[in-house]
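Biologist: Can you take me through this model? I'd like to start with the terms you use.

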Amino acid sequence: MSDELLVVRCQLGERGAFAELVGTWHGAVERYVGRMLGGPDDDVVQEVWLAVFRGLPRLRRPERFAPWLFTIARRAVVNRLRDEYARPEPVPGPEGAGPEGRDEADDVLDREVVAEALGALPVREREVLMLFYLEDLSVEACAQVCGVPVGTVKSRLDRARGLMRSELARKGYGA
């Protein structure tokens, strides 16, 4: 069933349609939030779905559900990052718990390595890369979610690809 039809059914008060909508998009929202924040955050995901539930009756263009959903998720992530930046910086422990302890034999080019490289990108570039490649949104939808022109999304995508390539090369996965 299309998202558009599910949104309309939700707007008509059908609770089962909302459950289907959540079932369809929950994984994508979790991935987006987790990658933007550097780890899973159920509270932020829950905030997103609460905002969706509250705002869904006012969504005028049901066909634009995905960009609208990621706009809400983006706001929740920005709010969380803003809260984290406002906190005092933690004092590092006596011995670094960095990646030195990782077993290098496990460092194969897999999802974990890509996720780690993705996490090293600046937030703006990481966001467009995730929305475009992982969530399969169009450049126009990414522009709507990020609140920037299409040209800016294209340049951020180009920069993100270059940074990702450099990050993977730095880790020994040259292409």
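Modeller: Buried means under 20% relative accessible area, exposed over 50%, and partly exposed in between, with a 1.4 Å probe and protein chains only. This is a predicted model, where local features need pLDDT of at least 70, side-chain atom pairs count only at pLDDT 80 or more, and totals for chains, interfaces and linings use all residues. Residues are numbered from 1 along each chain as its sequence is written, and side-chain values use heavy atoms, with hydrogens and water left out.

Biologist: Is cysteine 146 buried or exposed?

Modeller: Cysteine 146 is buried, at 6% relative accessibility. Cysteine 142 is buried as well, at 0%.

Biologist: Switching topic, where is glycine 13?

Modeller: In the loop between α1 (3-11) and α2 (15-37); helices are DSSP runs of H or I with at least four residues, numbered from the N terminus. Glycine 13 is exposed, at 55% relative accessibility. Its C-alpha is 8.8 Å from that of proline 57, 44 residues apart in sequence.

Biologist: And what is tryptophan 25 in contact with?

Modeller: Leaving aside neighbours within four places in sequence, tryptophan 25 is in contact (heavy atoms within 4.5 Å) with Asp3, Trp49, Phe65, Ala66, Leu69 and Phe70.

Terms used. Helices (H or I, at least four residues) and strands (E, at least two) are DSSP runs, numbered from the N terminus.
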